[in-house]
Amino acid sequence: GGWRRAVRRYYPWLHACKELSVLGWQIGYLFGKTHHCSPWLWILGLVLKRASGADSKELDERREVARAAQLAYAGGLRGPLRWMALAMMRVWHTLNDRFKVLVLGSALVIKLADWWFTSQSSGAPRSGTLPVPPPPSRPPASELGVPLPASKDVCPLCRNKTTNPTAASSGFVYCYPCIFKHVDSLGACPVTLLPCAPGQLVRLYESA
C-alpha cells in the first residue's frame, strides 16, 4: 500500500537523522557541552555519573536503613508469623550480600564438574574397537544407461582416459567436464540413471 512506500522512502532519512543526533550528543558530551551522552537520557532526565566512595557509602547506609525498617515491621508481627518473617528476611539479606560470591562459586563448581566428567569419559578404557564398516555396494548399471568401458581408467562418457576424476552420487567416476555437463542438463548418473545433482559431484585427488 501507500504507507509501505512512504515508510520505505522516508525511513532511511529518519534513521540517518536519528543517528546524526546521537552522534551530535556524544560529541557534545565528549567536549563537556552537555551532561547527557544521548538524547534519550536527556528526554528521561537521567545523568550518568561515576560512582565514588561516598556514593557507595550512601547506598550502603540506605540499604541498612531499609533493612532495619523491614526487620522492624517483621518484628511487629505476632505468633509464628513473626519468626517466619524474620528468618526469611535474614536469609534474603544474606543471599543479597553474598550473591556475587555464590555466582562465582557456582560457576567454579560447574566448570570443575564439567572437567571431571570430561576427563573420566576420555580416560575410560574402551571395551573394544569396533570394526570399520564396509563401504556401501555400488548400484548396478542400468540397461538403458551408458555402457561401462572395459578399463576403470576410461571415462564412460568420452571413452578417453579420465582426467580430473569426479565421482557421481552413484559412485561411478567420470571426467569432471563430462559428468558436470551431463548432470547439469539431465540430472542423473549416465550409467545408473539414478538422480544426481551438480552439488553431489565429488572431485577425486590422486596422490603421485
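Mentor: Buried means under 20% relative accessible area, exposed over 50%, and partly exposed in between. The model discussed here is predicted.

Trainee: Is Asn164 buried, exposed or partly exposed?

Mentor: Asn164 sits in the loop between helix H5 (99–123) and strand E1. Its relative accessibility is 45%.

Trainee: What is the phi of Asn164?

Mentor: Most residues other than glycine have a negative phi. Asn164 is not a glycine, yet its phi is positive. The value is near 50 degrees.

Trainee: Which residue has a side-chain polar atom 3.1 Å from the backbone oxygen of Asn164?

Mentor: A polar contact needs a pair of N or O atoms within 3.5 Å. The backbone oxygen of Asn164 lies 3.1 Å from a polar atom of a side chain. That side chain belongs to Thr166.

Trainee: Is Thr166 buried or exposed?

Mentor: Thr166 lies in strand E1. Its contacts beyond four places in sequence include Phe172, Val173, Tyr174, Leu201 and Val202. Its relative accessibility is 0%, so Thr166 counts as buried.

Trainee: Where does Ser170 lie, and what is its relative accessible area?

Mentor: Ser170 is in the loop between strand E1 (165–167) and strand E2 (173–175). Not counting residues up to four places away in sequence, Ser170 touches Arg138, Pro139, Cys189 and Thr192. Ser170 is buried, and its relative accessible area is 7%.

Trainee: What is the phi of Leu193?

Mentor: Leu193 is placed in the loop between helix H6 (176–186) and strand E3 (202–203). At 41% relative accessibility, Leu193 counts as partly exposed. Leu193 is not a glycine, but its phi is positive, at about 65 degrees.

Trainee: Which residues are the closest to the centre of the largest pocket?

Mentor: The largest pocket has a volume of about 390 Å³. Its lining consists of 17 residues. The closest to the centre are Lys152, Asp153, Val154, Thr162 and Val173.

Trainee: How many residues in the lining of the largest pocket are nonpolar?

Mentor: The lining is divided by class into nonpolar, polar and charged residues. Three are polar and five are charged. The nonpolar count is nine.

Trainee: How far apart are the end C-alpha atoms of residues 3–119?

Mentor: An unreviewed UniProt entry places the feature "domain: Pex N-terminal" at residues 3–119. In the model, this span is 82% helix and 0% strand. Its end C-alpha atoms lie 61 Å apart.

Conventions
Residues are numbered from 1 along each chain as its sequence is written. This is a predicted model: local features need pLDDT of at least 70, side-chain atom pairs count only at pLDDT 80 or more; totals for chains, interfaces and linings use all residues. Side-chain values use heavy atoms; hydrogens and water are left out. Helices (H or I, at least four residues) and strands (E, at least two) are DSSP runs, numbered from the N terminus. Buried means under 20% relative accessible area, exposed over 50%, partly exposed in between (1.4 Å probe, protein chains only). Contact means heavy atoms within 4.5 Å. On a 1 Å grid over the protein atoms alone, a cavity is a set of points where a 1.4 Å probe fits but cannot get out, and a pocket is an open set with protein on both sides within 12 Å along at least five of seven lines; lining residues have an atom within 4 Å of a point. Grid points are joined across faces, edges and corners, and a volume is the space filled by probe spheres set on the points. Ala, Val, Leu, Ile, Met, Phe, Trp, Tyr, Cys and Pro count as nonpolar, Asp, Glu, Lys and Arg as charged, and the others, Gly among them, as polar. UniProt positions are given in the numbering used here, feature names are shortened, and annotations may be inferred rather than shown by experiment. A polar contact is a pair of N or O atoms within 3.5 Å; within protein, one must be able to donate a hydrogen and the other to accept it, and residues adjacent in sequence count only if both atoms are side-chain atoms.
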